[in-house]
Amino acid sequence: MKKSLFLQRSSPPVYATLDDWILHEAIPFSIDSSETLILILRNRLFQRLVETHGYSAIAIESSFPRAHAVNEYIACRSPASYEAVQDTGFSHGFGRLDANRELVEWMRAYNADATHRVKLQFYGFDSPTEMMFSDSPRQVLHFVLDYLSSIDSASGEELRLRIDPLLGQESDWENPAAMMDPTKSIGLSPAATALRIETEDLIAELQMRRPELVAKTDISSYLEAVQYATLARQLLNYHAALARTSGKPGERIVEGLGIRDLIMADNLAYMVSRERGRGKVLAFAHNSHLQRGKAEWQLGTDLLTWWPAGAHLNEVFGHRYAVIGTAVGVSDVNGIGQPEAGTLEARLTAGPGPERFIPTHKGQGLPTSKIAALPTRSGSMKNPTYFALTPQSLTDFDWLAVLDKTAYNRGGPQLAIMGR
């Protein structure tokens, strides 16, 4: 990168036109990669943040419980090779992306260096769900039961005997048909309802026994167990939402999307808290998850709107929450052609590149009427999770990272920077 991203001004300048803003503020740079530019940008940025800005952790849009295995790997504890975690340690198939392997191997090498006193942490902050199915709560509940059993075997086993019979078969929880047909979900079955009550009792036990449990383990292990128990509660709420037949189909989907983003926000807040005193956290996810404003998704004839994780985190962290949104001019693999004239993507990619950062100043100092009149570029017929920039993007993000083109085919991610 040719210039530092982290430029500070006491107040934003005032521009008469959007082109003046782009001309004077855009910072061009280039990355030596012909493939997954967005992921390589993330890797290079994280390395810079670790080396010069006191960052100690990265969190990606991948399953929270699965990432534990990757973190063990970068800590050089187990297993012996990346291949052992590339499937089990990631959701969404992300472990098979070369750039993710590069990131993890770099973190492992960094941690193996004895001169680095603060060791890096790898997190997944997504709920344990996929696009077309949701995980069973077994893994997260067993994590908590194992923790309790390691301290008080009698109490842990008593709880296990109550909880395990209610879990049933993994296939019943993970039935893809439940995403579209509430009658196929077991989320409101008698067993699932009883399991929600048992999970509440489990959380209460952890909370009531906090002094004892912290004394017998440590505060970090205790808080991790509480987070897993809380995730189990939220996952059961998600399954219950899938099982509801009342209301319009779109309302059911919106509730599920809202729960997922709330889980993401809670997981990230936990990670920032856990890193307090060690460093800061870089989060990486789709634009729609970490933006500040309300998320929108046009699904057929339904316009779905919900509060994303970024809106929750902005309330929690205030000025300590900074977001870099990403955008692309052309992506053949995503079915994204040249942006139409006058759109924000067309204006931004017309300047020096092939990549550039530009601060949004949250819209301050930019011509309001010109922003409101901005046309939105066409979407993608190949990738329904691609969302174009809109006037709202200028208030949703602190910076935009705009690429001329990319071959990355998992939608439009963004970077969230959360300080202490």
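Does Y147 count as buried or exposed, and what is the relative accessibility behind that label? I began my notes with this residue. Y147 has 8% relative accessibility and therefore counts as buried, since buried means under 20%.

**Entry 1: the model.** I noted at the outset that this is a predicted model. I looked up the confidence: the mean pLDDT of the protein chain is 92, and 93% of its residues reach 70 or more. I then marked residues 1–8, where the pLDDT is below 50. This stretch has 18 contacts in the model beyond near neighbours in sequence. Where pLDDT is low, the predicted coordinates should not be read in detail.

**Entry 2: the whole chain.** I recorded 16 helices and 10 strands for the protein chain. I next checked the radius of gyration. A compact globule of 420 residues would have a value near 22 Å, and the protein chain has 22 Å, so the two agree. Along its principal axes, the C-alpha trace spans about 70 × 55 × 40 Å. I also noted that 52% of the 420 residues count as buried. Of the contacts between residues at least 6 apart in sequence, 77% join residues at least 24 apart.

**Entry 3: surface and charge.** I read the accessible surface of the protein chain as about 18,400 Å². Carbon and sulfur atoms hold 54% of this surface. The chain has 42 positive and 48 negative charges, and their mean positions lie 5 Å apart.

**Entry 4: the surroundings of Y147.** I placed Y147 in helix α5, which covers residues 138–151. Leaving aside residues up to four places away in sequence, I listed what Y147 touches: L206, L213, T217, S221, Y222 and A225. I also looked up the separation of Y147 and I371, which is 224 residues in sequence and 53 Å in space, from C-alpha to C-alpha.

**Entry 5: the loop between α3 and α4.** I found C76 in this loop. C76 has a positive phi of about 65 degrees, although it is not a glycine. With 36% relative accessibility, C76 counts as partly exposed. P79 lies in the loop between α3 (67–74) and α4 (98–112) as well. A cis peptide bond joins S78 to P79, with omega about -10 degrees.

**Entry 6: on either side of β8.** I located P354 in the loop between α14 (344–349) and β8 (355–359). The peptide bond from G353 to P354 is cis, and its omega is near 10 degrees. I found H361 in the loop between β8 and α15 (368–372). H361 is not a glycine, yet its phi is positive, at about 55 degrees. Its relative accessibility is 17%, so H361 counts as buried.

Note on methods:
Residues are numbered from 1 along each chain as its sequence is written. This is a predicted model: local features need pLDDT of at least 70, side-chain atom pairs count only at pLDDT 80 or more; totals for chains, interfaces and linings use all residues. Side-chain values use heavy atoms; hydrogens and water are left out. Helices (H or I, at least four residues) and strands (E, at least two) are DSSP runs, numbered from the N terminus. The radius of gyration is taken over C-alpha atoms; the globule rule is 2.2 Å times the number of residues to the power 0.38. Buried means under 20% relative accessible area, exposed over 50%, partly exposed in between (1.4 Å probe, protein chains only). Contact means heavy atoms within 4.5 Å. Accessible areas come from the Shrake-Rupley method with a 1.4 Å probe; for residues, only the protein chains shown count as cover. Lys and Arg count as positive and Asp and Glu as negative; His and the chain ends are not counted. The place of a charge is taken as NZ of Lys, CZ of Arg, CG of Asp or CD of Glu. pLDDT is the predictor's confidence in each residue, from 0 to 100.
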